[in-house]
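Me: Hi! I've got a structure open and would like to walk through it with you. Could you help me look at a few spots?

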Amino acid sequence: MYHRLEQLAASSRNIERANAAIYAAVMESRGIYMSADRSVARRYADSLLTKCSQLVKIVEEWEQLVSGEDAALFVPFKKRIEQFVAFRTEMARRTISVGSAAAREVGDTDENRAVRTALNEDLEKLSRLYADRISELGGVLEERGQLSFYLGGIGAVIIVLIAAAALALRHGVLMPLLDIARVTDRIVAGRIKLLIPHARRRDEIGRVAHAVEEFQNGVFRIQELEQHELEFERQHADILREHERLEQGAHSTQQRLDAAIGNIAQGLIMLDSLGYVLVVNEQYRSLYAVPATIAHPGAHIRDILAHRAKLGLLRGKPADHLAALRQRMKDRTPDTAEYELGDGRIIRVCERPMDGGCWIATHEDFTVHRRNERTLARAEHFLAALLENIPQAVVAKEAQSLRYIFVNRAAESLFGLPRSEIIGRAARELFPEPTGTLLEGFDRDLLADGTDLSPRVHSIETPGGGKRDVVVRRLPISVGEDEPKYLLSIVEDCTPGQRAAA
């Protein structure tokens with residue numbers, strides 16, 4: 001019976017050792033799954049091979065203790081152990097030779113999970129079997145104690161010794177084993193933070209308790225690793241959502257940018273540091289009649305210039321224009337210039353350097369603008385010639401300061417001064433008193449009222465022309481709907497006519 005008890009204790013201890021080795025191998029496998037660094041994954045693979053060797057050795061030692069009645073449960077358990085070891089060995093081999101990704105492909109299979117589930121069931125069955133055997137052995141000891149009591153003829157001393165031995169065996173071995181078995185059942189049920197009884201003993205019972213304690217710690221580490229894996233998956237999902245949000249934002253920004261480039265009035269082209277097109281809009285193609293097959297992102301500016309020269313829309317050689325453009329890009333100097341095309345159009349080009357060596361330019365058709373400027377210049381020249389040659393004196397003043405800003409040739413003759421001495425000065429600075437004060441008073445009254453625009457007759461003392469009789473028509477000039485900005489005066493000298501009449 002003592003030999004049988006030792007076999008049961010050793011078998012129970014082998015259950016815990018095998019279970020601890022299995023969970024240790026599973027932990028090393030999870031380390032391989034979660035290691036992105038190949039060197040770290042190889043260390044886990046080497047440790048996994050060591051755990052598998054220990055598991056094989058435990059099963060071989062255990063097999064020597066298995067009796068014929070236990071073989072029905074042990075034989076399929078051993079086959080599953082061999083499958084488990086073969087699978088983990090192949091996974092370690094793939095990790096060492098290829099990497100953790102290849103090992104993950106092998107590990108994440110239903111067959112692997114089925115083997116692990118079957119191993120857990122086999123261990124549970126064997127644990128229950130040995131627990132039942134220990135219980136049966138306790139019952140046998142109790143029965144034999146009773147038989148010894150009834151066989152008192154053998155001797156009271158023998159009975160007492162047998163009873164004492166049975167009691168010691170019960171309390172020293174069987175009861176501790178039953179306590180350890182109950183704790184093991186609770187750990188298997190999911191409660192992993194338990195105090196393992198008899199773990200401080202230094203005999204075989206203490207070793208069994210220590211094996212159960214290691215099993216509990218392994219289960220705890222596995223659960224902790226699973227929690228970390230769930231947290232990692234949650235963080236990965238958050239990162240994916242943030243990445244998707246950023247991609248959508250970048251796509252919307254790109255759409256707005258494309259819409260802005262496509263709707264600006266000017267033609268736009270952007271080049272990289274080598275002269276290849278990065279961005280070009282439809283306005284640029286229409287301006288130079290360049291098709292999209294030539295002017296498109298990825299094309300070279302050399303081909304665009306050559307096509308413009310072929311159409312007669314480029315003065316000079318394309319190579320000269322390309323060399324000048326490269327020089328401006330190298331100097332990174334902003335430039336604005338106007339070019340006349342072969343068809344007579346005037347194009348205004350504004351070029352600016354960008355970060356990274358890029359170059360952006362806007363092309364705008366300034367033909368109508370320049371044509372209007374020339375028309376306006378001719379009109380201004382005609383008006384100036386007209387004002388210079390009419391017989392009446394025409395003067396213009398600022399409404400605030402009443403200083404002269406324009407006088408014609410007749411006004412110079414009337415005042416008896418050159419216009420260089422008149423422009424920028426007020427009437428009180430040119431005319432003797434009281435003429436200067438009188439003229440400014442009439443001007444301010446008209447600007448304040450603005451309704452009486454009838455001509456006024458004045459007798460004035462001019463700076464260099466003596467006394468003159470004049471008729472003055474004053475007109476306030478406004479810009480928009482604001483207050484008058486200027487005061488225009490048309491002065492007719494009536495002195496010669498009055499003297500002739502006299």
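What follows is a short chat about this predicted model.

Me: Let's begin with α14. How many residues does it have, and how far does it reach?

Reply: Helix α14 covers residues 435-449, which is 15 residues, and it reaches 21 Å from first C-alpha to last. That is close to the 21 Å expected at 1.5 Å a residue.

Me: Which residues of α14 are buried?

Reply: T435, G436, L439, E440, D443 and L446. Seen down the axis of α14, the buried residues fall within an arc of 125 degrees, so they line one face of the helix.

Me: What about backbone angles: what is phi at L402?

Reply: Phi of L402 is near 60 degrees, a positive value in a residue other than glycine. Most residues other than glycine have a negative phi. L402 is found in the loop between β6 and β7 (404-407).

Me: Is L402 buried or exposed?

Reply: L402 counts as buried because its relative accessibility is 0%, and the cut-off for buried is under 20%.

Me: How about R332, what is its phi?

Reply: R332 also has a positive phi, near 55 degrees. R332 sits in the loop between α10 and β3 (335-340). At 37% relative accessibility, R332 counts as partly exposed.

Me: Switching topic: how do β1 and β2 pair?

Reply: Strands β1 (residues 267-271) and β2 (residues 277-280) pair in the antiparallel sense over three bridges. They form a hairpin with five residues between them, and G275 in the turn has a positive phi of about 95 degrees. M270 has V279 in β2 as its bridge partner.

Me: Last one, the second largest pocket. How much space lies in it?

Reply: About 410 Å³. The second largest pocket is lined by 21 residues, with Y23, N120, V188, F215 and V219 nearest its centre. The elements giving two or more residues to that lining are α1 (2-34), α5 (110-150), α6 (156-188) and α7 (204-263).

Key:
Residues are numbered from 1 along each chain as its sequence is written. This is a predicted model: local features need pLDDT of at least 70, side-chain atom pairs count only at pLDDT 80 or more; totals for chains, interfaces and linings use all residues. Side-chain values use heavy atoms; hydrogens and water are left out. Helices (H or I, at least four residues) and strands (E, at least two) are DSSP runs, numbered from the N terminus. The expected span of a helix is 1.5 Å times one less than its number of residues. Buried means under 20% relative accessible area, exposed over 50%, partly exposed in between (1.4 Å probe, protein chains only). The arc is that of the directions from the helix axis to the C-beta atoms. Two strands pair if DSSP finds at least two bridges between them. On a 1 Å grid over the protein atoms alone, a cavity is a set of points where a 1.4 Å probe fits but cannot get out, and a pocket is an open set with protein on both sides within 12 Å along at least five of seven lines; lining residues have an atom within 4 Å of a point. Grid points are joined across faces, edges and corners, and a volume is the space filled by probe spheres set on the points.
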